[in-house]
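Welcome! Take a moment to look over the sequence and the structure below, and then we will walk through some of the features together.

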Amino acid sequence: MASRRDAHHAHKAAVAGLGKVLSKRARNVCELCTGGSPLGVVEVEPVYETPDPERAALLCLTCRDVLDTKPKYKLEATALRFLEEVVWSDVLPVQLSAVRLLRRLSSEDVVWARDCLDGLYLDESVEALLQ
Ligand SMILES: [Zn+2]
């Protein structure tokens, strides 16, 4: 039987393997800020057991850092204005990531993020995934 560690490595490899499909969807730019390389695959919650393009996004290093920022640190809000547009994306994992970041900014009292969320309509099924 494969160890947990092997399973973890296999999972990581499978996630990285989504890169090809995602590059096509992303047209080789970051799916959040449309910035350049180095691009990398991140999984978007709620993930499936088997990595899936519908639960992953291709993001630049800066956006990956933003998503990894611990709650105790404030986000650099002015650098994230692109979220106002990308939150309307019809690519589900991109929209999920954008809404989560906007909610976080809103909780950090960023007015434009709050306004943007006020004007946003989310499908019930999308809202359910955000829980
Ligand atoms: Zn980016």
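## A guided briefing

With 12 C-beta neighbours inside 10 Å, Asn-28 counts as exposed, because the cut-off for exposed is 12 or fewer. Before we go on, please keep in mind that this is a predicted model. The points below are grouped by topic.

**The loop between α2 and β1**

- Asn-28 sits in the loop that links α2 to β1, and its phi is near 65 degrees, a positive value in a residue other than glycine.
- Arg-27 also has its place in the loop between α2 and β1.
- The phi of Arg-27 is near 50 degrees, which is again positive in a residue other than glycine.
- Is Arg-27 buried or exposed? Arg-27 is exposed, with 9 other C-beta atoms within 10 Å.
- Pro-38 is another residue of the loop between α2 (19-26) and β1 (39-43).
- The peptide bond that joins Ser-37 and Pro-38 is cis, and its omega is about -5 degrees.

- You can find Pro-46 in the loop between β1 and β2 (56-60).

- Helix α1 covers residues 4-16, which gives it 13 residues.
- From its first C-alpha to its last, α1 reaches 18 Å, close to the 18 Å expected at 1.5 Å a residue.
- Why does α1 lie largely in the open? Of its 13 residues, the number buried is zero, so α1 lies largely in the open.

**Leu-22 in helix α2**

- Leu-22 belongs to helix α2.
- Leu-22 counts as buried, because it has 22 C-beta neighbours inside 10 Å and the cut-off for buried is 20 or more.
- Which residues does Leu-22 contact, leaving aside its neighbours within four places in sequence? They are Val-41, Pro-53, Ala-56 and Leu-58.
- Leu-22 and Ser-97 are 75 residues apart in sequence, and their C-alpha atoms are 15 Å apart in space.

**Helix α5 and its buried residues**

- Buried residues of α5 include Pro-93, Val-94, Gln-95, Leu-96 and Ser-97.
- Further along α5, Ala-98, Val-99, Leu-101, Leu-102 and Leu-105 are buried too.
- What do the buried residues of α5 pack against? Their partners are β2, α3 (61-68), α4 (83-86), α6 and α7.
- Just after α5 comes Asp-109, which takes a positive phi of about 65 degrees.

**How α5 meets α6**

- The axes of α5 (residues 92-107) and α6 (residues 111-118) come within 7 Å and cross at roughly 130 degrees.
- That angle makes α5 oblique to α6.
- The crossing in which α5 passes α6 is left-handed.
- On the α5 side, the contact is made by Leu-102, Arg-103, Leu-105 and Ser-106.
- On the α6 side, Ala-113, Arg-114, Cys-116 and Leu-117 make the contact.
- Sorted by class, the contact of α5 with α6 has five nonpolar, one polar and two charged residues.

- Val-111 has its place in helix α6, and Val-111 is exposed, with 10 other C-beta atoms within 10 Å.
- Val-111 is 34 residues from Ala-77 in sequence, while the two are 9.9 Å apart in space, C-alpha to C-alpha.
- Leu-122 lies in the loop between α6 and α7.
- Leu-122 is partly exposed, with 15 other C-beta atoms within 10 Å.
- How many residues apart in sequence are Leu-122 and Arg-25? They are 97 residues apart in sequence, and 22 Å apart in space from C-alpha to C-alpha.
- Val-126 is part of helix α7 (residues 124-130).
- With 13 other C-beta atoms within 10 Å, Val-126 is partly exposed.
- Val-126 and Leu-92 are 34 residues apart in sequence and 7.9 Å apart in space, C-alpha to C-alpha.

Technical notes: Residues are numbered from 1 along each chain as its sequence is written. This is a predicted model: local features need pLDDT of at least 70, side-chain atom pairs count only at pLDDT 80 or more; totals for chains, interfaces and linings use all residues. Helices (H or I, at least four residues) and strands (E, at least two) are DSSP runs, numbered from the N terminus. The expected span of a helix is 1.5 Å times one less than its number of residues. Axes are lines fitted to C-alpha atoms, for helices over the stretch in contact, and angles run from 0 to 180 degrees between N-to-C directions. Angles under 35 degrees count as roughly parallel, over 145 as roughly antiparallel, 65 to 115 as roughly perpendicular and the rest as oblique. A crossing is left-handed if the near helix is turned anticlockwise from the far one by less than a right angle, and right-handed if clockwise. Two residues are in contact if their C-beta atoms, placed from the backbone, lie within 7 Å. Ala, Val, Leu, Ile, Met, Phe, Trp, Tyr, Cys and Pro count as nonpolar, Asp, Glu, Lys and Arg as charged, and the others, Gly among them, as polar.
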